[in-house]
Amino acid sequence: MSMWEYANPKLFMGWTRPVLPWLFWSAGLCLVVGLVWGFFFTPNDFRQGSTVKIIYLHVPSALMAINAWLMMLVASIIWVVRRHHVSALAARAAAPVGVVMTLIALFTGGIWGQPMWGTYWAWDPRLTSFLILFLFYLGYIALWEAIEDPDTAADLTSVLCMVGSIFAILSRYAVLFWNQGLHQGATLSLDKEENISDVFWFPLLVCIAGFVLLFIALVLMRTRTEIRARRMRALQARAARA
Amino acid sequence: MLKVENLTCARGGMPVLSDVGFTVEAGQALVLRGPNGIGKTTLLRTLAGLQPAIEGEVDYPEDQGAYASHADGVKSALTVAENLQFWADVYGQSDVAADVPPGGTAGQPPTAAPDRGFTPTRGRGLHSVLEAFDLDELRNRMGGTLSAGQRRRLGLARLAMIGRKVLFLDEPTVSLDRASVSLFVDWLKAHLAAGGIAVIATHIDLGLDAPELDLTPFKAAPDLGGGADEAFL
Amino acid sequence: MIALLLRDLRLAVRAGGGFGLGLAFFLIVVVLVPFGVGPETELLSRIAPGILWVASLLAALLSLDRIFALDYEDGSLALLATSPLPLEGAALMKALAHWITTGLPLTIAAPALGFLLSLAPDAYLYLLISLLIGTPALSVIGTFGAALTVGLRRGGLLLSLLILPLYVPTLIFGAEAVRRGADGLDPTGALILLGGITAGAFALMPFATAATLRINLR
């Protein structure tokens, strides 16, 4: 039984080429419009002042940090089941983007919390969960880098991603449990589900859209680079054999 | 019976041999020949199930395969007897039934000694295996103190303990002196006579009178599709 | 399968320091902490559960990267893979051997070290119970990490990076159980959750480990 499916990287390179500039431009547009609108054209919140506007960076980046991992999970499963090479490379490509999103979420989360907590960092359940997610990303990237054979690396990192996803979910609930503990203290909840009026909501949507487009554009671009790297490997192997 | 059809095997993503096919009947051996690097090890590993094939079919009675290579899995901190007993336990062979009593030799009348023939589904007892491979004096020596040849003999003795019918052997006689080689060949002949099969990659002449298969014609074309990197070009 | 377990235990004992090394490391880490944070009893008593649990994690990590590496290098792993023993079972036995040589001695020694850290008297029982329930999870999760890094030369550090995030839930519930015990509260909730994670790990990880070993044996 043949377990080898022929990836069609050529097709991928073909359709991403014209699409990519559009993606970058629309991402840029959304981001500029959304951020300017959000930062400068919305009223200050009566309670949290003007620093609350950091949510226009924090919420989209936090969303993308999680979605990047989900995308990696789906891509890993596709690789394991269908052996579609582009899928494995896309997962690899998405990881650093996810790391950066997580870092942005962490920093902006600290900035948001500072007026309330008096400090830039607190072991709040959400921030802590993102810190753990950051560590998962690091491990995933490190494993890709450590294994020489690309297909073995793809297989191992896929298993890691799947196992890690289960533990990431477990950690989320463990951290909630851990933080509530005895020391009820301040409900340090940066709850997104607070009732946000439309005035704030629309620019937020635009920012989220911008981040999503940016993520897709970056992942596609990085995947193209990974494909080129593999091509180079194949050409070098051919030259070595000749 | 071992049947191989249309087999393409790969190592590290690169196809190594393509379209390999042969049949080995019970009681027969097949010797693999070819220059270094042609893919004898890859083929044996694929047959043993350690490596997935790109294409093709391998057919032999389920659970009857066993693999042996130069990495013989001898543990330095275990004695010779302990090493063998471990594998006997893993393969579910107990150390009693087919054992030749200590002091029993070929000179004993057949009725007094248990069947010295090799039964394909039960390995021989520990003592008789140690004797057959001339390891009896070494039975309580630590694996780490053995010479290369002794370790090799121990690795081969494992095959006698586990009682599997279809054997895939990769260079079994490396480090063995002539006397040891003939011990091994004697045991192998008994294994074949009892209905076993052996596929052996070796550079020397074992004196087995077995068909040989030269792997050179099966060498895979380098740009045969399916190689991991090749798919990107 | 028992044969594999017994063999590994025998090898661990004969390799010298099989049971002792992890234990010594545990002791050293715990002893270092007061030097780091100061000898004030009240402080030590408050952080004792956490310290003991973190030290257990680190001690468990120590011997993980050799679980499969030795067998991989001398070829026994490939031979085990072609044997009638299912690789999942082999993974489980390896984890069990690791627990018996590391987690179990740790668990037994922990109360003595808790004494050094002025652990509250009510907490000792829960320390024992939580470690007893939690350290098997550490072994079985760690075995998965060892399988991932089995072919690598300097796999130890990468192993730590991969495994420690996976240890977080066990650490949280384990330490929390001891803390609640120390404060005189009911730790049952934490212990049950801890047990759930261990049970889940035992159900899932052998399969993940076996799949990983097969990939690495190719």
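Predicted model: local features only at pLDDT ≥ 70, side-chain atom pairs only at ≥ 80, totals over all residues.
Me: Why are helices α2 and α3 of chain A called roughly antiparallel?

Reply: Their axes cross at roughly 155 degrees. Angles over 145 count as roughly antiparallel, so α2(A), residues 55–82, is roughly antiparallel to α3(A), residues 85–117. The two axes come within 7 Å, and the crossing is left-handed.

Me: Nice. What makes up the contact of α2(A) with α3(A), by class?

Reply: It has 20 nonpolar and 9 polar residues, and no charged ones.

Me: Over to chain B. How do you know that β3 and β7 pair?

Reply: Pairing needs at least two bridges, and 4 bridges join β3(B), residues 29–33, to β7(B), residues 197–201, so the two strands count as paired. They run parallel. If you want a spot to look at, Leu32(B) has Ala201(B) as its bridge partner in β7(B).

Me: And why are β5 and β8 of chain B said to stand at the edges?

Reply: The open sheet has 5 strands in the order β5-β6-β7-β3-β8 (chain B), with parallel pairing. β5(B) and β8(B) each have a single partner strand, so one side of each is left without a neighbour in the sheet. On average, neighbouring strands are turned by 15 degrees against each other, direction ignored.

Me: Which strands of chain B does helix α1 touch as it packs on the sheet?

Reply: Helix α1(B), residues 40–48, touches β3, β5, β6 and β7 of chain B.

Conventions
Residues numbered from 1 in each chain as written. Chains lettered and ligands numbered in written order. Heavy atoms only, no water. Axes fitted to C-alpha atoms, helices over the stretch in contact; angles between N-to-C directions. Parallel < 35°, antiparallel > 145°, perpendicular 65-115°, else oblique. Left-handed = near helix turned anticlockwise from the far one by under 90°. Nonpolar A, V, L, I, M, F, W, Y, C, P; charged D, E, K, R; others polar. Contact = heavy atoms within 4.5 Å.
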